[in-house]
Every structure is written in C-alpha cells, then in structure tokens.
Amino acid sequence: MLSDKQKQQFKDRLLEMKEEAEAQMEEYKEDQAKEDYENDRTGEISSVADHPGDQGTDQFERAKEQTFYEQAREKLMEVEDALKRMEEGRYGLSEKSGEPIPVERLEAMPTARYKVEEIEKEANN
C-alpha cells in the first residue's frame with residue numbers, strides 16, 4: 001500500500017503531467033488558428049507553392065501536429081483518470097485484480113492501471 005507521502009508525490013507528478021498535456025494541446029490549437037492564414041504559417045509570400053513537394057511537406061507537418069495533439073489528449077485523459085482513482089482511493093491498485101501495483105511501476109508510469117504480469121498474461125492469451 002502507498003503511504004500518504006507517496007500518494008502526494010504521485011499526485012504532484014500527475015498534476016505536472018496534466019499541465020504539460022494541456023500546454024501541448026493549447027500549442028496545437030494556436031497552430032491551428034494560424035491555418036486561416038496559410039502564408040503566415042509557411043512564410044510564403046504567395047499562396048501558390050513554389051514546388052509540389054512543398055504541399056506534401058505541409059500536409060505531413062499538419063498530420064504530425066495532429067498526431068501530437070491526439071497523443072497529448074490521450075495522456076490528459078489517462079492522467080485525469082488516475083487523479084479520479086486517487087480521489088476514490090483506488091489509485092495504485094490494479095483494476096483487474098485489485099492487488100497493489102508495485103511502486104516501481106507507478107514511478108515509471110504514474111497512470112498505470114494494471115500490474116505488468118496482468119498485461120503480459122493478457123497479451124499471451
């Protein structure tokens with residue numbers, strides 16, 4: 001079982017992770033706002049691309065930014081779920097077996113919901 005001090009340390013870490021994810025999502029939204037002014041984002045003077053490859057590069061960059069946004073959104077959801085489990089007194093306990101998750105696992109992944117053995121067992125089935 002986690003001590004009160006450990007729980008507070010994990011809560012502080014989760015809150016930091018939440019701030020990071022929210023900042024990443026906000027950064028993406030600001031970049032999306034620039035989409036209205038395509039030339040501002042690309043630095044082009046004209047709206048006509050100099051080379052067809054430039055259009056592909058722009059598409060790739062937009063897809064990459066969207067991926068980063070989705071990753072930040074998923075991270076935020078995982079962190080919020082972990083904070084909810086903490087409020088409910090279920091943090092640090094496996095959602096599958098109810099057994100304590102090792103502190104080392106929580107240190108590596110504060111949002112962990114299962115013990116490593118349970119994940120491996122599920123993957124092998």
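Biologist: Why is R113 called partly exposed?

Modeller: R113 has a relative accessible area of 36%. Buried means under 20%, exposed over 50%, and partly exposed is in between, with a 1.4 Å probe and protein chains only, so R113 counts as partly exposed. This is a predicted model, in which local features need pLDDT of at least 70 and side-chain atom pairs count only at pLDDT 80 or more, while totals for chains, interfaces and linings use all residues. Residues are numbered from 1 along each chain as its sequence is written, and side-chain values use heavy atoms, with hydrogens and water left out.

Biologist: What makes R113 and E95 a salt bridge?

Modeller: Their side chains meet at 2.9 Å, N to O. A salt bridge is a side-chain nitrogen of Lys or Arg within 4 Å of a carboxyl oxygen of Asp or Glu, so the pair qualifies. R113 lies in the loop between helix 4 and helix 5 (116-124) and E95 in the loop between helix 3 and helix 4, so the pair ties together parts 18 residues apart in sequence. Helices are DSSP runs (H or I, at least four residues), numbered from the N terminus. Salt bridges with shared partners join D81, R85, E95 and R113 into one network.

Biologist: How do you know that E95 and R85 meet in a salt bridge?

Modeller: The N to O distance is 3.6 Å, so it falls within the cut-off. E95 is in the loop between helix 3 and helix 4 and R85 is in helix 3, so this pair ties together parts 10 residues apart in sequence. At 1% relative accessibility R85 is buried, whereas E95, at 31%, is partly exposed.

Biologist: What separates E70 and R73?

Modeller: About one helical turn, because they are three residues apart in helix 3 (residues 52-87). E70 has a relative accessible area of 25% and is partly exposed; R73 is partly exposed at 31%. The structure holds 10 salt bridges.

Biologist: Which side chain of opposite charge is nearest to R105, and how far away is it?

Modeller: E117, at 7.5 Å. Lys and Arg count as positive and Asp and Glu as negative; His and the chain ends are not counted. R105 is buried and has no salt bridge. R105 sits in helix 4 (residues 103-108).

Definitions and conventions: Helices (H or I, at least four residues) and strands (E, at least two) are DSSP runs, numbered from the N terminus.
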